[in-house]
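Notebook open, model loaded. I'm jotting down what I look up as I go.

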Amino acid sequence: ETPDIAPVVEETATDIADMEVRGAATIADAAAAALAAQAQRSEADSSEAFREELEAAASALYETRPTAVSLPNALRYVLRGVEGETVEAMRESTVARAEAFREDLEQAQETLGEVGANRLRDGDVVMTHCHSTDALACVEAAIEDGKEIEAIVKETRPRLQGHITASELRSMGVPVTLIVDNAARRYLDEADHVLVGADSIAADGSVINKIGTSGLAVNARERGVPVMVAAQSIKLHPDTMTGHTVEIEMRDEREVLEETAYADVAADGDVPDDGLTVENPAFDVTPPRHVDAIVTEHGQYPPESIVMLMRDLFGETTTDPWAV
Ligand code: RUB
C-alpha cells in the first residue's frame with residue numbers, strides 16, 4: 001500500500017517542476033512548507049505510517065528538479081527534526097521544525113545580504129543573470145546602507161527570469177538597463193561586478209547556476225570585472241565532499257521553441273523534424289578560478305576555501321535526504 005500524500009504536496013511538487021515556484025531558496029522554502037502541510041493533514045493511525053507518509057512526500061518533492069541542492073538539504077533538515085512517540089507529537093515536531101527552517105532561511109538571506117553589501121560601493125553597477133533572491137538581498141542591503149547601485153540585467157533565455165530581476169530592482173528604486181543575453185560582453189565594460197546566485201556550490205568551489213553563468217564569468221574575467229556569487233549555506237552540496245558531481249537538469253525543448261518559427265510544432269508537443277535536435281540544459285558549472293567570492297551568511301569566502309565551511313556545517317554526508 002502506498003502512503004497517502006496530501007494533495008497540497010502534489011501541488012507543490014508540480015509547481016516546482018513547472019517552475020511556478022523557482023529559484024533555489026524559494027524551492028527550499030516551499031518544500032519545507034509542503035512537509036509541514038503533510039504533517040498537519042496526515043490521518044495516519046500510527047507513528048510508522050506517519051513517517052512513511054512524510055518520507056513519501058519528501059520523495060515526491062525531491063523528484064521534481066535535480067540541480068538545486070537546497071531542495072534535498074531542506075527535506076533532510078526537516079525530517080531530521082521529526083521527534084516523538086505518537087502521531088500528535090510527530091506532527092507538532094515536524095511543523096515546528098519546518099517553521100524554524102523557513103525562519104532560518106529568511107534570516108540567513110538577510111545576513112548574507114549585509115555581508116555581500118560590503119563588496120558594493122556607492123555608485124557601483126552590477127550585472128545580473130537570471131533571478132536570485134540571495135543576489136538581490138545584497139543589492140537591497142547596499143541600498144539600505146545608503147549606497148546608490150545601478151544594474152545591467154541579462155534577460156536569461158529561455159525562461160526570461162531576468163525580467164523578474166528587473167522588476168524587483170525597479171521596485172527597490174534601482175535604475176535598470178535590461179539587455180539580451182548576447183549583449184552581456186559589450187556591457188561588461190560598464191559593470192563593476194557580476195552578481196549572481198547559485199543552485200549548488202561544490203566542495204572545490206565550483207558554482208552551479210543558471211545556464212550562461214559560466215560564459216559570463218569567463219567574459220568578466222577577461223574584462224577584469226569581479227564575479228560575486230551570493231549563496232546562503234543551504235546551497236552547499238554535501239555529496240560533492242566525497243567526489244559526487246551535481247546533476248545538471250535538462251528541460252523540455254518546448255521552452256526553447258516557443259515564440260520561434262517552430263512555435264506551432266512546439267505547441268503540438270512534437271519534435272519539429274528528425275534532423276533538428278534541441279538541447280535545453282538549465283544550469284552550468286563555473287569553475288572556481290572564474291569566481292572571486294562566494295558570499296554566505298557566515299561571511300565571504302574565496303571559492304577554494306568554501307570546503308572549510310562545508311566541513312564545519314556538515315561533518316559527514318548522507319545519500320538520500322531522508323536517510324537520517
Ligand atoms: C534559478 C537560478 C538562481 C538560483 C539562486 O534557476 O539559477 O540563480 O536558483 O536563486 P531557475 P536564489 O529559474 O531555473 O529555478 O538566490 O533565489 O536561491
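Burial first: I call a residue buried if 20 or more other C-beta atoms lie within 10 Å of its own, exposed if 12 or fewer, and partly exposed in between, with C-beta atoms placed from the backbone. By that count Cys-130 is buried, because 27 other C-beta atoms lie within 10 Å.

Housekeeping: this is a predicted model, where local features need pLDDT of at least 70 and side-chain atom pairs count only at pLDDT 80 or more, while totals for chains, interfaces and linings use all residues. Residues are numbered from 1 along each chain as its sequence is written.

I stayed with Cys-130, which sits in the loop between E1 and H6. Helices (H or I, at least four residues) and strands (E, at least two) are DSSP runs, numbered from the N terminus. Cys-130 is not a glycine, yet its phi is positive, about 60 degrees.

I found Leu-160 in the loop between E2 and H7, and it counts as partly exposed because it has 15 C-beta neighbours inside 10 Å.

Pro-158 is in the loop between E2 and H7. I checked its bond to Arg-157, and the peptide is cis, with omega about 0 degrees.

**Entry: domains**

The domain assignment gives domain 1 (7–108) and domain 2 (111–247 + 281–314); such bounds come from an automatic or database domain assignment. Over C-alpha atoms, the centres of domain 1 and domain 2 are 27 Å apart.

I then looked at where they touch, taking two residues as in contact if their C-beta atoms, placed from the backbone, lie within 7 Å. Contacts link 16 residues of domain 1 with 21 residues of domain 2. On the domain 1 side, H2, helix H4 (70–80) and H5 each supply at least two residues. H2 gives the most, with 4 residues. That side of domain 1 splits into 10 nonpolar, 6 polar and no charged residues. My classes: Ala, Val, Leu, Ile, Met, Phe, Trp, Tyr, Cys and Pro are nonpolar, Asp, Glu, Lys and Arg charged, and the others, Gly among them, polar.

**Entry: the ligand**

Where does the ligand lie relative to domain 1 and domain 2? Both domains give residues to the shell around the ligand, so it lies between them.

I count a residue as near a molecule or strand if its C-beta atom, placed from the backbone, lies within 6 Å of it. There are 19 residues around the ligand, of which Ala-25, Ser-132, Thr-133, Asp-134 and Gly-197 come nearest. Helix H2 (24–41), helix H6 (133–144) and strand E6 (207–210) are the elements giving two or more residues to this shell. I sorted the shell residues into 8 nonpolar, 7 polar and 4 charged.

**Entry: the sheets**

Two strands pair if DSSP finds at least two bridges between them. I traced an open sheet of 7 strands in the order E3-E2-E1-E4-E7-E9-E10, with mixed pairing. Strand E3 (176–179) and strand E10 (299–301) are its edges, each pairing on one side only. On average, neighbouring strands are turned by 25 degrees against each other, direction ignored.

I zoomed in on strand E1 (125–128) and strand E2 (150–154), which pair in the parallel sense over 4 bridges. Met-127 has Ile-152 of E2 as its bridge partner, and Val-125 has Glu-150. E2 is mostly covered, with 4 of its 5 residues buried.

Helix H5 (87–117) lies across strand E7 (227–230), strand E9 (293–296) and E10, and runs at about 140 degrees to E9. For such angles, axes are lines fitted to C-alpha atoms, for helices over the stretch in contact, and angles run from 0 to 180 degrees between N-to-C directions.

I also found an open sheet of 3 strands, E5-E6-E8, with antiparallel pairing. E5 joins E6 through 2 bridges, and Ile-201 stands opposite Val-207 in E6. Helix H9 (213–223) lies across E6 and E8, at about 35 degrees to E8.

Ile-16 lies in helix H1 (7–17) and counts as buried, with 24 C-beta neighbours inside 10 Å. Leaving out residues up to four places away in sequence, Ile-16 touches Val-21, Ile-27, Ala-30, Thr-64 and Arg-65.

Gly-173, in the loop between helix H7 (162–171) and E3, is exposed, with 9 other C-beta atoms within 10 Å.
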